[in-house]
Amino acid sequence: MSSFSLYVDKGTWLHKLHPYTKLLYILVAIVIPIIGGNLYFFLITIGISLGLLICGRTLRRALPLVAFSFTLIAVIFLVQGLFYHDNETVLFQLWKLTFYKEGVLYATRIGGNILNMLLSFAVFVLCTSPQELVEELEKSGFSPKFGYIINSVFQIIPQMMKSKNTIMDAQRSRGMETEGSVMVRVKAFFPMISPVVMSSLVNTRERAIALEVRGFGRKNPKSYLSERTKYVGDRIAVLVLIMILAAVIAWRVVTCL
């Protein structure tokens with residue numbers, strides 16, 4: 001069976017880090033702005049995530065996530081800036097729309113959370129091999145079923161995108177218009193839903209058969225094709241992340257005294 005994922009091995013130091021180290025980064029990146037309680041922490045963590053994506057040479061693959069998040073954030077700014085229940089101070093007016101300071105600040109915090117979480121998860125997803133993650137989880141004592149679920153989550157979107165592209169090519173070969181105005185795209189989208197869903201169900205059945213053939217349900221201890229060598233960057237990264245988290249906690253405690 002073919003394997004699809006968002007991960008592409010670029011051979012950078014970020015790709016060589018242990019999956020658990022990158023999971024720790026997600027935790028630290030999300031927790032720091034919450035503990036810090038200041039909008040500047042969002043800028044710091046978002047900037048670090050963008051820097052890591054550049055170091056991992058995966059920033060271009062993360063741009064669709066950023067574009068999607070900005071669309072969502074724009075809607076949040078519009079709704080909260082106009083209708084937030086604590087709105088009192090007028091910030092600016094745009095035509096007949098009045099935006100309030102309290103709503104814009106609240107929307108900024110929500111938008112910062114969304115963008116921060118998306119980029120930190122992008123660092124993990126784009127720079128971590130699903131197979132390596134599953135192997136490390138199983139070695140740590142997690143159930144193979146749990147590992148299979150995690151692997152499926154990583155692969156379901158790329159597989160559906162591949163099925164969609166194949167079906168779209170088939171529709172074009174039959175003379176169906178799939179490009180043009182919005183209405184043309186909408187008309188081409190609905191006939192595509194059923195084949196994509198059916199192909200996903202077929203792929204699920206094939207995957208289940210393949211797992212049974214490979215002895216997925218057996219209780220015997222498993223052997224692994226390769227053992228992961230220790231990377232010196234893991235200890236350094238973990239130490240730096242823990243120190244940063246401790247520093248933010250200490251700063252918050254001191255400022256609250």
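Which residues in α3 meet which residues in α5? Select both helices to see. L39, F42, T45, I46, S49, L50, L52 and L53 in α3 meet L105, T108, R109, G112, N113, L115, N116, L119, S120, A122, V123 and L126 in α5. Contact here means heavy atoms within 4.5 Å. By class, this contact holds 12 nonpolar, seven polar and one charged residues. Ala, Val, Leu, Ile, Met, Phe, Trp, Tyr, Cys and Pro count as nonpolar, Asp, Glu, Lys and Arg as charged, and the others, Gly among them, as polar.

A word on the model: it is predicted, local features need pLDDT of at least 70, side-chain atom pairs count only at pLDDT 80 or more, and totals for chains, interfaces and linings use all residues. Residues are numbered from 1 along each chain as its sequence is written, and side-chain values use heavy atoms, with hydrogens and water left out.

**Helix α3 on α5**

Stay with residues 39-55 (α3) and 101-126 (α5). Helices are DSSP runs of H or I with at least four residues; strands are runs of E with at least two. The two axes come within 9 Å and cross at roughly 25°. Axes are lines fitted to C-alpha atoms over the stretch in contact, with angles from 0 to 180 degrees between N-to-C directions. That makes α3 roughly parallel to α5 (under 35 degrees). The crossing of α3 past α5 is left-handed, meaning the near helix is turned anticlockwise from the far one by less than a right angle.

**Helix α4 on α5**

The contact of α4 with α5 has 18 nonpolar, six polar and one charged residues.

Pick R57, in the loop between α3 and α4. R57 is not a glycine, yet has a positive phi of about 55°. At 53% relative accessibility, R57 counts as exposed (over 50%; 1.4 Å probe, protein chains only).

**The hairpin**

Move to β1 (residues 90-94) and β2 (residues 97-100), which pair in the antiparallel sense over four bridges. Pairing needs at least two DSSP bridges. Q93 has T98 in β2 as its bridge partner. Two residues lie between the strands of this hairpin. W95 in the turn has a positive phi of about 55°. At 77% relative accessibility, W95 counts as exposed.

**Helix α6**

Finish at residues 130-139, helix α6. P130, L133, V134, E136, L137 and E138 are its buried residues (under 20% relative accessible area). G141 follows α6, with a positive phi near 105°.

Note on methods. Parallel < 35°, antiparallel > 145°, perpendicular 65-115°, else oblique.
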